[in-house]
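Here is a short note to read with the model open beside you. Take the points one at a time and find each place in the structure as you go.

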Amino acid sequence: MRNLVAHKSCFLVLLLLLLLLFTSQFSSATKKTLNRDQPCKRFVLYFHDILFGGNDVANATSAAVANETGLGNFKFGKLFVFDDPMTKDKNYPSPAVARAQGFYFYDMKSDYNAWFAYTLVFNSTKLKGTLNIMGADIMAAQTRDLSIVGGTGDFFMARGIATFMTDTFQGAKYFRVKMDIKLYECY
């Protein structure tokens, strides 16, 4: 009788080990590997920002909502909100394919650096949904990568990188940023 119980116990332990081995192999086989050189979706958009100057309500797409703190000479603490058009080319009058809606603030006392958090809102016949983007914009760098941390609609649960490249800068009044959007997780 003891021998039968011992065999059953060994059989159950062996069965459990095989089950664990099978599930670990199955989960590792379905795990995605990401390739930096081959995003699942890639496109370029241009971000146009026109800062409100006090009398240009019709054209302004952003406004300062908190002044700088006076700590340093680099606008530290100044906060802006924006609702900027996103176009497929450099021309501001081109049809907007999305809107960038969010905020940025200057967060470094010793140099110009901003931190962005915004949503790209797509509402066209071609694309619907959102992409959520956030991260540091180190302005002195030629290219800057911000994280794409999620999305909805056609971009459900998307993750990736938005590479910023300043295309033009006209003082505090207007800037245009080329955004190379690379999604590495697409569902």
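**Notes on the strands and the surface**

1. Start with phenylalanine 164, whose bridge partner in E9 is methionine 179. Strands (E) are DSSP runs of at least two residues, numbered from the N terminus. E8 and strand E9 (residues 174-185) run antiparallel and are joined by 11 bridges; two strands pair if DSSP finds at least two bridges between them. Their hairpin has three residues between the strands, and there glycine 171 takes a positive phi near 60°.

2. Now look at the other partner of E8. Strand E7 (residues 144-153) is joined to strand E8 (residues 159-170) by five bridges, and the two run antiparallel. Here aspartate 145 stands opposite threonine 163 in E8. Five residues lie between E7 and E8 in this hairpin, and methionine 157 in the turn has a positive phi of about 60°.

3. How far can you trust the model? This is a predicted model, where local features need pLDDT of at least 70, side-chain atom pairs count only at pLDDT 80 or more, and totals for chains, interfaces and linings use all residues. Residues are numbered from 1 along each chain as its sequence is written, and side-chain values use heavy atoms, with hydrogens and water left out. The mean pLDDT (the predictor's confidence in each residue, from 0 to 100) is 86, and 82% of the residues reach 70 or more. Over residues 15-21, though, the pLDDT is below 50, and this stretch has zero contacts (heavy atoms within 4.5 Å) beyond near neighbours in sequence.

4. Finally, visit valine 81 in strand E3 (residues 79-87). Valine 81 counts as partly exposed because its relative accessibility is 37%, between buried (under 20%) and exposed (over 50%), with a 1.4 Å probe and protein chains only.

Technical notes
Helices (H or I, at least four residues) and strands (E, at least two) are DSSP runs, numbered from the N terminus.
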